[in-house]
Amino acid sequence: MPCPFLRAGHPASANLYRGAPAVAYILHTAGHRAYARALAELNAEVIAFVAHRLGAAHRRMDKGLPPRLREYDLISGLTGLGAYLLHCELDQALATVLQYLVRLLTEPLVVDGHQVPGWWAATSPCDAPDAGEFTHGHANFGLAHGVAGPLALLALARRAGHTVAGQDDAIAAGITHLTTWAQPLKGGGTGWPECLPLDAYRQGPQPDAAPTRASWCYGTPGIARALQLAALVLDDDTALRLAEYTALQAVTDPRHTRQITDTSLCHGWAGLVLTTERIAADAARPDLHDALPALRDRFTTEAQHHPAPEHTGLLTGAPGVLLTLHTLTTARPVDPEWETCLLLAP
């Protein structure tokens, strides 16, 4: 009898957080032998989804057209599906996603007569057509939806021994882009924009940029983790110093942290603390480690007094907050392997 989970998603819409791939991720992470048969069936379905999505993506690339965010991002796209394949060590299918990401980061596009990177989104940050500011699409820098996601996956895969032709060139291209766009902030410090329309992108990095929210999804900590991972695998000390310095600023500067208004993984205290923990674990500088106790205390306090909504899932609800608390503050922490879905650890 077919596994009922195989009907949980259509190839065009199933992703790491929805449908068959999401169920498969949970079963694999749980690791119980009773799930082996269902997981094998789900893996076959996920691999078929990936092949379907890759076929459409390569056809789009061959035409020189920009992608929608949902084609490649972590939440809805091929980066997220690739994270699952890395998580489950489905090596052959993972290689096809890595090859696609190499093209994405190394083959530029032309939009309205101007050269833009291959990950330039054809749509607005909401992944919808826009007749206003984002008529020509946008550059998205975040870990959840932008270039930091593909870069982190390429780096995590390489760190785990999974490589394809051109992978180091793609990682280097991602490093160059993020180091170029590390903007001086008004009042001191450095940070990245969340997203930019074409006119702003063409102007290049601007001095006196406004500090942004210190979140996992779009903010400096998530982007810094992607840059750190990339710098580590290519032994790029300059990029590594920038990533760790910028992350430290983001978690110790109230201009960033006071913009956090909830405890969620996506854009709240759970995501900030977990991301900083993983950056600090790979960092040489002691001040990142020194910042962790205060961050943990703030997160615990916020979780006690401002609990997350109960019914909004891993990224924005109580499950993600509780899982993060259990990972970071218990005597028997959860295996960090689950964090592959956040591209924080392999």
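I'm working with a predicted model, so local features need pLDDT of at least 70 and side-chain atom pairs count only at pLDDT 80 or more, while totals for chains, interfaces and linings use all residues. Residues are numbered from 1 along each chain as its sequence is written, and side-chain values use heavy atoms, with hydrogens and water left out.

**Helix 9 and helix 12.** I looked up how helix 9 (residues 220–234) packs on helix 12 (residues 269–282): the angle is about 20° and the axes are 10 Å apart. Helices here are DSSP runs of H or I, at least four residues, numbered from the N terminus. Axes are lines fitted to C-alpha atoms over the stretch in contact, with angles from 0 to 180 degrees between N-to-C directions. The two helices are therefore roughly parallel (angles under 35 degrees).

**Salt bridges.** I get 14 of them, each a side-chain nitrogen of Lys or Arg within 4 Å of a carboxyl oxygen of Asp or Glu. In one, Asp282 meets Arg159 at 2.9 Å, N to O. Asp282 lies in helix 12 and Arg159 in helix 6 (residues 148–159), so the pair ties together parts 123 residues apart in sequence. Arg159 is partly exposed at 40% relative accessible area (partly exposed lies between buried, under 20%, and exposed, over 50%, with a 1.4 Å probe and protein chains only).

I also checked Glu302 with Arg298, where the closest N and O atoms are 2.9 Å apart. Glu302 counts as buried at 16%, whereas Arg298 is partly exposed at 39%.

Key. Angles under 35 degrees count as roughly parallel, over 145 as roughly antiparallel, 65 to 115 as roughly perpendicular and the rest as oblique.
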